[in-house]
Amino acid sequence: MNMHIPLRVLQEGEDAAVSSFSPTQNSAVLADNHGRRFSYLRLSITDVCNFRCNYCLPDGYQGTDRSGFLTLEEIRRIAAAFAAMGTRKIRITGGEPSLRKDLPDVIRVLKQTHGIDTVALTTNGYRLTQQIRDWAEAGLDQLNVSIDSLDPQQFKAITGHDKLQEILSGIEMARELGIGNIKVNAVLLKAWNMNGFQHFLDWLKTTPVTLRFIELMETGDNASFFKSNHVSGESVKQQLLDSGWQAKARGPHDGPAQEFSHPDFSGDIGLIMPYSKDFCSSCNRLRITAKGKLHLCLFGEQGYELRPLLAEEDSQILQQHIRELLSHKKDSHHLQEGETGATRHFAMLGG
Ligand code: SAM
Ligand code: SF4
């Protein structure tokens with residue numbers, strides 16, 4: 001049932017202290033009933049994945065229907081509608097987005113959308129060396145590569161693939177191609193990669209990327225893995241502060257990651273700590289699944305079908321529907337209480 005609660009729609013220029021949008025753009029910025037503004041969309045383009053990360057898809061992809069994902073035209077319409085509502089950044093995710101042959105076209109379509117400043121991609125890196133040139137040429141602005149260990153054997157044990165060295169070469173290629181703001185995502189796993197923490201730090205001494213440690217999150221499928229492997233991000237934060245890392249100033253539109261730098265290191269560190277107090281207060285993102293459902297939270301109970309509204313070129317009805325749905329967005333997830341919503345694993349939603 002859709003509740004038609006009127007939303008607070010901030011106009012350009014309102015609350016100038018926190019607005020970074022160009023005054024020349026005349027869009028109404030999407031905001032929820034808790035005062036959060038949504039300028040960032042995570043768009044999944046497939047839920048298929050070829051890796052078997054032990055915290056996500058330990059038995060590999062089990063889906064039977066590998067078709068029916070959003071078409072290029074539907075992606076174009078989603079991007080245009082969100083851009084008209086103030087979205088400025090779209091991250092392509094999955095499953096593994098590089099398994100879609102038309103990924104360069106997806107990047108190009110998003111990049112050509114009026115109002116979208118930043119097109120980002122999160123990938124497991126499997127096809128990085130072969131495809132990074134095409135992605136760069138299509139207009140990719142930001143790249144996140146998931147690397148949970150810098151030890152080749154351990155990387156293989158976590159993901160099922162002996163690809164670490166090749167993926168690291170792909171990151172070098174991306175740097176040489178001038179892709180800015182490369183981030184490496186590493187999920188903190190007690191029994192698996194915490195002994196490699198120093199290895200990550202040594203690597204950052206000379207590698208100018210942002211390493212993002214992500215606290216392991218519980219999902220419907222990984223409850224017992226979570227219990228034995230969850231490491232508190234707060235303990236890592238304390239370790240960083242004790243060894244001279246300094247918290248970077250936060251911008252008004254920054255998402256939930258906390259960033260740290262150190263004068264002796266080329267790279268920076270980001271910490272994503274979903275179990276910390278107030279994590280959700282800086283939420284700035286919405287999610288769309290590969291089959292066109294809007295998810296208001298990574299841990300929500302349901303997705304909302306948008307696909308029927310994507311048949312129309314005119315996106316006014318779609319925009320109005322999304323605005324109405326946003327009134328269902330809760331102020332916070334309840335992960336601390338083990339409430340994982342309908343999310344069995346992140347490959348379903350794109351993380
Ligand atoms: N397949 C791509 C990849 O791994 O980069 C994109 C999709 S993946 C779901 C997006 C991110 O979610 C990855 O960095 C992955 O490590 C992270 N992730 C997956 N499951 C997670 C969990 N249970 N807790 C924390 N992060 C998780
Ligand atoms: Fe695949 Fe990414 Fe999940 Fe690993 S984290 S199994 S690469 S979707």
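Predicted model: local features only at pLDDT ≥ 70, side-chain atom pairs only at ≥ 80, totals over all residues.

Trainee: At roughly what angle do the axes of H1 and H9 cross?

Mentor: Roughly 65°, and the axes come within 10 Å. H1 covers residues 72-84, while H9 covers 316-325. To see who does the touching, look at Arg77, Ala81, Phe82 and Ala84 on the H1 side, then at Leu318, Gln319 and Ile322 on the H9 side. By class, that contact has five nonpolar residues, one polar and one charged.

Trainee: Next, the sheet. How do I read one?

Mentor: The general idea is that strands in a sheet pair through backbone hydrogen bonds, in either a parallel or an antiparallel way. Here you have an open sheet of twelve strands with mixed pairing, and the order is E7-E8-E9-E6-E5-E4-E3-E2-E1-E10-E11-E12.

Trainee: Why do E7 and E12 each have one side without a neighbour in the sheet?

Mentor: They stand at the edges: E7 (246-247) and E12 (304-305) each have a single partner strand, so one side of each is left without a neighbour in the sheet. For a parallel pair, go to E3 (residues 118-123) and E4 (residues 142-146), which are joined by four bridges. In that region, threonine 123 sits opposite valine 145 of E4.

Trainee: Which strands does H1 lie across?

Mentor: H1 lies across E1, E2, E10 and E11, and runs at about 170° to E1. Another helix to look at is H6 (residues 197-206), which lies across E5, E6 and E9, at about 155° to E6.

Trainee: Can we zoom in on a single strand residue?

Mentor: Lysine 89 is 48 residues from leucine 41 in sequence, yet their C-alpha atoms are 6.4 Å apart in space. Setting aside neighbours within four places in sequence, the contacts of lysine 89 are Ser39, Tyr40, Leu41, Thr118, Ala120 and Gln142. With glutamine 142, the side chain of lysine 89 makes a polar contact of 3.2 Å.

Trainee: Now the ligands. Which residues come nearest to ligand 1?

Mentor: Tyr55, Gly95, Ser146, Asn185 and Met217, out of 20 residues around ligand 1. Then check the polar atoms. A ligand 1 nitrogen lies 2.9 Å from a polar backbone atom of glycine 95, and there is also a 2.9 Å distance from a ligand 1 nitrogen to a polar backbone atom of methionine 217.

Definitions and conventions. Residues numbered from 1 in each chain as written. Chains lettered and ligands numbered in written order. Heavy atoms only, no water. Axes fitted to C-alpha atoms, helices over the stretch in contact; angles between N-to-C directions. Helix = DSSP H or I, 4+ residues; strand = E, 2+ residues; numbered from the N terminus. Contact = heavy atoms within 4.5 Å. Nonpolar A, V, L, I, M, F, W, Y, C, P; charged D, E, K, R; others polar. Pairing = 2+ DSSP bridges. Near = heavy atom within 4 Å. Polar contact = N/O pair within 3.5 Å; in protein donor to acceptor, adjacent residues only side chain to side chain.
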